[in-house]
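Biologist: Please show me the model. I would like to go through its helices and its ligand shell.

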Amino acid sequence: MFDKLTRTFSDVLRQVSGKSSISEKNIQDAVEEIKIALLEADVNLRVVRRFVNHTIEEARGEKVLRSVNPGQQFIKIVHDRMVNLLGSETEGLQLKGPDTLSPILFMGLQGSGKTTTCAKLALRLKKEGRKPLLVAADLVRPAAVKQLQLLGEQTGVPVFAVEGEKKPVKVVKQALSFAKKNSFNTMIVDTSGRMHLDDDLMKEIQEINSVLKPVEGLLVADAMTGQQAVEIAKEFNERVGITGVILSKFDSDTRGGAALSLKSVTKKPIKYVGVGEKIDELEQFHPDRMASRILGMGDVVSLVEKAQETIQEEEAEELQKKLQSSTFTLQDYLEQFTRIKKMGSLQSLVEMIPGMKGNIDEDALNSKEMKKEEAIILSMTLQERHNHRIIGPSRRKRIASGSGTSVFDVNRLLKKFDKMRLMMKKMTKNKKLQAQMLSQFNGNI
Ligand SMILES: Nc1nc2c(ncn2[C@@H]2O[C@H](COP(=O)(O)OP(=O)(O)OP(=O)(O)O)[C@@H](O)[C@H]2O)c(=O)[nH]1
């Protein structure tokens, strides 16, 4: 599932994530590759266009181009767009309280996995503490009632069926009173499918729908059919009205187009996915987790969020201003340590970035060195921190003994700091280079 799409996304985003500056051309190239990957995955063309346009629009803004970590900001944008495409929020079933009957109507084409999915959901709801009843209202396929009864035995959920009855609406009416009389609080109705969408099927479902008045009208669509699944969902929604979709056969080798287009086209959420033939293989659909899986990005998004929390944009800008006007002091330098500490171990953070493992200068991230420098600055007076030029030989000696380091260490820090300020000054005219420098500076302490 999604294998090829994930491979492309990982490649594109890995290339971008390593960059400390990003140009409009980089964005265009990355988005172009994403566009091709989505089309190849059979995602609806209009959905792809919208995705691409929104991504470019957002990525072109100040946030990415002038950001201290542009590659990661870009990944975050693509990830958020993907979550949006998949439906934003995890959407469960809107069931009534335990003392009121909640009817659920299942619909879909023949072979979509409807009957199996009815039983899967019944089992799930039973485990969640509800009291479900399965109703066999698929009276077209001869073996459907028997199939549901077998599944009922497997799951321990009672099945309501009326021998010899030909009209599904009549079965549903009787089932409603049976469920109420016997204190079932959930009723799952399996209806018949057809090979194709046709008027007979729609009329039958509409009729059942008006009698049942379900709290959930769920369409079971076969993920393997790609765009066809989206068209079917659209049609059922317009003619009967659905509250959500269950994508079956999600475990198969599908290209993912259905999952990625459904919400945008139908405006109805995917609520569950069937992930195998076994009766317990039904999972709730989480757009955010699915997006991370598709992007093959693992922890990157949470990493970016963490970094965003600690390195606030305004703080970074203020720092930039200080660097421009050469008022950046050892006190500001010290504050960078605190910021990094807030982010946790820098080494482990860096390792969360795909492609970064092994590409990192271990010394640059040596936290022992960081601790030493921090101790040195903490042993200085505020006056010294704000104007390091006053730190002569005797002050250096005092600071070294106060911080448990050597004069050599103090000298090295002051030299490094001077060099850094000089470089920053040289770059005052180039803001992007400065931002780049800042991000490196964060990793070079
Ligand atoms: N791999 C896999 N197979 C599934 C899944 N859901 C259903 N199936 C299989 O799909 C086939 C069709 O499922 P049914 O439940 O009989 O389909 P149906 O929609 O009820 O068919 P009709 O009653 O004819 O409309 C069966 O072989 C199921 O085992 C799934 O999530 N993954």
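Some questions and answers on this structure follow.

Modeller: This is a predicted model, where local features need pLDDT of at least 70, side-chain atom pairs count only at pLDDT 80 or more, and totals for chains, interfaces and linings use all residues. Residues are numbered from 1 along each chain as its sequence is written.

Biologist: At what angle do the axes of helix 3 and helix 5 cross?

Modeller: Helices are DSSP runs of H or I with at least four residues, numbered from the N terminus. Axes are lines fitted to C-alpha atoms over the stretch in contact, and angles run from 0 to 180 degrees between N-to-C directions. The axes of helix 3 (residues 45-60) and helix 5 (residues 70-86) come within 10 Å, and they cross at roughly 145°.

Biologist: Which residues of helix 5 meet helix 3?

Modeller: Contact requires C-beta atoms, placed from the backbone, within 7 Å. On the helix 3 side are Val47, Phe51, His54, Thr55, Glu58 and Ala59. Their partners in helix 5 are Phe74, Ile77, Val78, Arg81 and Leu85.

Biologist: Which residues come nearest to the ligand?

Modeller: A residue is near a molecule if its C-beta atom, placed from the backbone, lies within 6 Å of it. There are 22 residues around the ligand. Helix 6 (residues 114-127) gives the largest share of this shell, four residues. Those that come nearest are Gly113, Lys114, Thr115, Gly193 and Gly274.

Biologist: What share of the chain is buried?

Modeller: Buried means 20 or more other C-beta atoms within 10 Å of a residue's own, all placed from the backbone. The chain has 445 residues. The buried share is 40%.

Methods
Helix = DSSP H or I, 4+ residues; strand = E, 2+ residues; numbered from the N terminus. Contact = placed C-beta atoms within 7 Å. Buried ≥ 20, exposed ≤ 12 C-beta atoms within 10 Å, placed from the backbone.
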